[in-house]
Amino acid sequence: MYLFGYRLPGMSSLILWGLLWEILGQMEVSFFLPPLTAIFSTLGEIYNSKAFIRALYETGYSFLAGVFFAVIIGIPTGILMGKNKLLDELLLPWVNTFMSAPLTALVPVLMVLFGFGLKSIIITTTLFAIWIIILNSRAGVMQINRSLVDMANSFGASPIDAFIKIYFWAALPEILGGVRIGFIRAVKGVIIAQLLISIVGFGALFELYSSRFLMTHFWAVIIVLFALAFTLSELLGMLARKVDYYASKRN
Amino acid sequence: MSNDQVENAVTVKNVYKNYGDVEALRDLSLEFPKGQLTSLLGPSGCGKTTLLKIIAGLLPATQGEVLVNGQQVNKPGPDRAFVFQDFALMPWASVIRNVAFGLELRGVNKSERESIAIKYIKDVGLTGFEHSYPHELSGGMRQRVGLARALSVDSPVLLMDEPFSAVDEQTRRKFQEDLLNLVKNENKTFIFVTHSIEEAVYVSDQVALLLPRPSRVSEIIKPSSFKNKDINSIRKDSEYLDTVERIWKSLRSYVE
């Protein structure tokens, strides 16, 4: 962004919004909106408390396990769907349904099936992330340069070789795009799961702070969560940009 | 097996290819003599690339058979290597890995396939670019990589699908001269698809003229007298010019 000819560093607009927040907070417009400085000082107090570290660990664990399964299952499924018409016809309606379905409504069903513990939380997280990963991997494979596939076949590539050495790499830019969005959805998924299934992790903190109207604490946790999600998404974005050069070379 | 089949590296017998109701090839038969370069020449839509892909085993024929060294084939094999019009390089892999990829798929170990790749990278004049990536190379250089990859698997038959159509004219002429040397020095059979009359006459021992609707071989032309001349004087040779003219006369009625 440029202002009066000067190039502003990325996300300068956040400073403006932060200032506005601080002013509104100091004016005590609503109990819901404490001053930003108060939020950060609370954050300074709680970040090394036992409860916070435990919440961070529990949430991080469920999140990572959830996205791990989403990636491990989602990418191969998407690639196979892009390769195989029959499989695509079979699975695509389901993927599209779940993609747009209100997954939160499914959580009670998962609780019945998988209990009230970590397992259900991880499965919920996976379910939030996996569909977009499948769809993007599929889209990546479907626009593979046909002659790359012919090339692999002409040199006698086995299906597994073609899968690992051609399809995966050729679809990588789209796959990474899908993984990035999947990760962001998984952040949503893990918190919703923690609120609905068993009150652990950041979900428990949200529940605790909002029920006691501890708004500075509440916002502090939201900001931590936002910062984590944002960093993760930016890291994946950087990775995606690294392979962008060959996505644009495709014809 | 008749003597005739041994002399021909590739024989196409009564091949039909239909796409639904569309007849791409009808009863097409053609022989490709060993050690020679045969061009498949014709206007777009005459099925020349389809025929090449059937020979490569990348497309199944609806009917008919393809023999390579007397053996019927219906899928790709180590006896044939393919050079693609759009190069078909892996953008995520370096030049050396691209060149060695055919060998990699055949299970040749890394140090061995890389030393073979280095030799062919040198042969096509790309020494120093082993660790470059395709997007860092010009179109002509990329096709050299594609050619080195096809050569490195050392197949007796080389299938080339309009390999020079995506490079600029100067590079193209250089490639054509290089190809003549390649045919002379390597004991391989080349099947070369092109839509350029001059190119076909220039590089070929035999030109198969394909005509569309339905696709068939209308004529086989074997330019002879200028083949042993100096590369630089071919384009001035009177037989060369006459042959180009003759092919154009046959083709012009198909160009509207």
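Colleague: Why are H6(A) and H9(A) called roughly antiparallel to each other?

Modeller: In this predicted model, helix H6 (residues 118-142) of chain A and helix H9 (residues 172-196) of chain A pack at an angle of about 160°, with their axes 7 Å apart. Angles over 145 degrees count as roughly antiparallel, and H6(A) and H9(A) are therefore described in that way. H6(A) passes H9(A) in a right-handed crossing, and the contact between these two helices has 18 nonpolar, 11 polar and three charged residues.

Colleague: What makes S6 and S10 of chain B the strands at the edges?

Modeller: The sheet in question is open and is formed by six strands of chain B in the order S6-S7-S8-S3-S9-S10, with mixed pairing. Strand S6 (80-83) and strand S10 (216-221) each have a single partner strand, so one side of each is left without a neighbour in the sheet. From one strand to the next, the twist averages 20°.

Colleague: How do you know that S6(B) and S7(B) pair, and in which direction do they run?

Modeller: Two strands pair if there are at least two bridges between them, and four bridges join S6(B) to strand S7 (residues 157-161) of chain B, the two running parallel. As for a bridge partner, B:Ala81 has B:Leu158 in S7(B).

Colleague: How many residues does each chain bring to the contact between chain A and chain B, and which classes are found on the side of chain B?

Modeller: Chain B gives 18 residues and chain A gives 15 residues, where a contact requires C-beta atoms within 7 Å. On the side of chain B, the largest share, three residues, comes from helix H3 (residues 95-105) of chain B. By class, that side of chain B has 13 nonpolar, three polar and two charged residues.

Colleague: Which elements of chain B have the lowest and the highest mean pLDDT, and what is the average for the chain?

Modeller: Chain B averages a pLDDT of 87, and 95% of its residues score at least 70. Among the elements of chain B, helix H1 (residues 3-7) has the lowest mean pLDDT, 55, whereas H3(B) has the highest, 95. Over residues 1-6 of chain B the pLDDT is below 50, and this stretch has six contacts in the model beyond near neighbours in sequence.

Colleague: What are the ipTM and pTM of the model?

Modeller: The model scores ipTM 0.87 and pTM 0.83.

Key: Residues numbered from 1 in each chain as written. Chains lettered and ligands numbered in written order. Predicted model: local features only at pLDDT ≥ 70, side-chain atom pairs only at ≥ 80, totals over all residues. Axes fitted to C-alpha atoms, helices over the stretch in contact; angles between N-to-C directions. Parallel < 35°, antiparallel > 145°, perpendicular 65-115°, else oblique. Left-handed = near helix turned anticlockwise from the far one by under 90°. Nonpolar A, V, L, I, M, F, W, Y, C, P; charged D, E, K, R; others polar. Contact = placed C-beta atoms within 7 Å. pLDDT = per-residue confidence, 0-100.
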